[in-house]
Amino acid sequence: MIKLGISAFYHDSAACITDGNTVLAAAEEERFTGIKHDSSFPVNAIKWLLSSTVRDISQIQEVHWYENPDTKDDRVNNIFNKRPIKTFFLRQRYNKDRKNNSPEALLKNLGYTGKIIYHDHHYSHAAFSYYTSPYRDAAILTVDGVGEWETITISLGTGDKIKKLYSVNFPHSLGMLYSTITSYLGFRPNEGEYKVMGLAPYGDHRKYITKLQSIFDSNKPNLYLKQKYFTWEYSQKIMFNKKLCRLLELPPRLPEDTLTQDHKDLAASLQKLYEQEFLKLVKKAKDLTGSENICLGGGCAYNGVANTLAYDYFKSIHIPFAPSDAGSAIGVCLDKHINVSPYLGPDFQDHQIRRTLKNYQSELIYFNLEQNKLLKSTAELLCSGKIIAWFQGKMEFGARALGNRSILATPIKAQMREKLNYVIKKREGFRPFAPSVIEEKASIFFDIKEPIPHMNQVVKAKVNFLPAATHIDSTCRVQTVSKNQNNKYYKLLHEVGRISKVPVLLNTSFNLKDETITLSPKQAIDRYLSSDIDYLVINNFLIKKK
C-alpha cells in the first residue's frame, strides 16, 4: 500500500511517502521554499517525493491527512459564535481559506483523485511517537498548542494499537501559554520557544512564577487557564491583552528591545511553570497506564529540559526526531511499528557535486579524497580550531541537524561559542549549542540514562572542559551517535576522539541567520562563501576558499 502523508496550513508543513513497511522519503516544505516554518500546502515537497520514489502520483493508493477539517471547523465556528461581531472578519477569512485550502482540490491539481483519509491531529502525533519507538507497551503523552479541539492527550500503546485515555480541549493549552509568553518576550510564536528555553537559565524563576501560576484555576480537576488574559479566541495578531500586562507588571518586549534581567526572569518563570504542569501530566500518564515507558509527541516535545524530567516516573523515554506538526505527516501513515531513520530527504551524487563545483572555480579549491583520508583531515582541522560545514548523504527531517547538514566545531575551545553565535550564525549570544558524542562514550561526559539519538533531551555535563557546548547551567542538549544511526558521522567523531581524547563535537544546523537548513550543494557553497566558516565538506569533497 503506497501512502502519501501530509501536514499543512498551521506551521511546519511536510509530506511523506510510505509503502506500508518503510518510510521511503519525507521532507518539509520550508526546505524547498526557504520560508522558515512554511505552512503552505507542501506542493514542492510532494513533487520531490514523487520524483525520488514512485515517480507518478497515480501510484499513490491513499492520502492520509494529519487532522480532521470537519472537527476543526466545529471548534473554530464554536469560538466565532461566542463573539460574532468581534470575529466577523476572522470568520470571513477562515471560510475563504477553508475553501481555497481544500485538500481535495489541491490534490486534484496534482492529479490525485483517490481516497483521502482524515485523522485526528493528536492521534497523528501519538502514532509518530509510538510507532517509531522500540516499545510494545508505552504511555503516550502529546502536548501542543491546539489540534482540532485537543491540546493534550494521554494514550496507551499496546502492540500495534493506540487507545486514548485522557484529553484536554482548547482553550486550555500549555502550548498556547508558552507561545504567548514567547510573544510577550518579543520572539515569534511557533518559532522562538526554543529561544525562551535557552534564555531561562539566565533568570530567577521566583520573580514571576506566582503571577503565572495565578493564571491557572487550581480548583478545576483538569488543566484550566483563565481566558481573561488571552486573545486566542478572537485575534490572530496578538495573543494577550492588557490584563496580562497588568498582572506581570512588565511591559511587553519589542523584538528590537534589549533583553533585560526582568525578561530573563520571566523566561525562567515560564519554563519552571511549564515543567511543573508537564510533570503533572507525566504522573497522570503513569497512573493511567502503569507502563515503564513513555513516548512524547506534539510541538512541546521539543522542550528538552522538561522532557528529561519524565524519568521521575518512567524508566525509558522515546521522543521522535520531529515531534511537531511536520512529523505528523509521517505519523499519519503509520499503523504499526516501523524503524524510521531521520535521514529521509534529498541526497546528491558525486557527479552532481562536481558539476556544481565547476561553477565556482575562481573562488574555491577542492579535493575529492578517499573517505578515511577525508575523515582524518577533517578531524585534524576541527581539533585545530577550524569551523567546518558538513554536508553528507540524505538531508535530515525535522528541526535538528543530526550530522548530515551541520556546522561543526570543537567544544573544547570556549571562544567557539561566541564565534558561532556572533560571527557565523549572527544570533543572540545566550543561545546554546548541542554536543554530538559517540554513543558508547556518552556516559563519560554527560549524565544520561539511555541513548539520545535525536538531540531532544537536556542533561547535565559531567565534565567542565566542553565550554562551547555547555550552557550557563552546566547542561547540554546531547546527541548520541551510533554506527547504525549515522556511520560516517560516527567515524568522524571517533577520529576526533583519537586525536583529542574527547569524541565530542559541537553540532549546530547548517544555516545562517533566518535561513532554513541547507538543502543542496549549490546552497551549501553559496552559504559557505558568504560566511566565515573555514572549510566545507560535501560528501568526500574537502572545499576551501581561494
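Is His 37 buried, exposed or partly exposed? In this predicted model, His 37 counts as partly exposed, because its relative accessibility is 23%, which falls between the limits of 20% for buried and 50% for exposed.

**View A. Backbone at His 37 and Met 455, two residues with positive phi.** His 37 lies in the loop that runs between helix H1 (30–33) and helix H2 (43–52), and although it is not a glycine, its phi is positive, at about 60°. Met 455, found in the loop between helix H17 (442–445) and strand S15 (458–460), likewise has a positive phi, near 60°, in a residue other than glycine. Met 455 counts as buried, because its relative accessibility is 2%, whereas His 37 is partly exposed.

**View B. The aromatic pair of Phe 80 and Tyr 94.** A search of the whole structure finds 20 aromatic pairs. Phe 80 is buried, with a relative accessible area of 7%, and Tyr 94 counts as buried at 16% relative accessibility.

**View C. Phe 170, its aromatic partners and the cis peptide bond to Pro 171.** Phe 170 and Trp 232 form a tilted aromatic pair, with 6.5 Å between the centres and 40° between the planes. Phe 170 lies in the loop between strand S8 (161–169) and helix H7 (174–184), and Trp 232 in the loop between helix H9 (209–213) and helix H10 (242–248), so the pair ties together parts of the chain that are 62 residues apart in sequence. Both Phe 170 and Trp 232 are buried, and together with Tyr 229 and Phe 230 they form one aromatic cluster. The peptide bond that joins Phe 170 and Pro 171 is cis, with omega at about 15°, and Pro 171 is placed in the loop between S8 and H7.

**View D. Helix H7 and its surroundings.** Helix H7 is mostly covered, with eleven of its eleven residues buried, including Leu 174, Met 176, Tyr 178, Ile 181 and Tyr 184. These buried residues pack against strand S6 (137–143), helix H8 (193–199), H9, H10 and helix H11 (261–289). At the start of H7, a side-chain oxygen of Ser 173 comes to within 3.4 Å of the backbone nitrogen of Gly 175, and just after the helix Gly 186 takes a positive phi of about 90°.

**View E. Lysine side chains over the rings of Phe 314 and Tyr 528.** Lys 286 lies over the face of Phe 314, at 5.3 Å from the ring centre. In the other case shown, the charged end of Lys 545 sits over the ring of Tyr 528, 4.5 Å from the centre of that ring.

**View F. Ser 377 in helix H15.** Ser 377 is found in helix H15 (residues 371–383) and counts as buried, because its relative accessibility is 19% and the limit for buried is under 20%. When residues up to four places away in sequence are not counted, Ser 377 touches Leu 369 and Leu 542.

Key. Residues numbered from 1 in each chain as written. Predicted model: local features only at pLDDT ≥ 70, side-chain atom pairs only at ≥ 80, totals over all residues. Heavy atoms only, no water. Phe/Tyr/Trp six-rings, centres within 6.5 Å; stacked < 30°, edge-to-face > 60°. Buried < 20%, exposed > 50% of the residue type's maximum accessible area, 1.4 Å probe, protein only. Helix = DSSP H or I, 4+ residues; strand = E, 2+ residues; numbered from the N terminus. Lys NZ or Arg CZ within 6 Å of the ring centre and 35° of its normal. Contact = heavy atoms within 4.5 Å. Polar contact = N/O pair within 3.5 Å; in protein donor to acceptor, adjacent residues only side chain to side chain.
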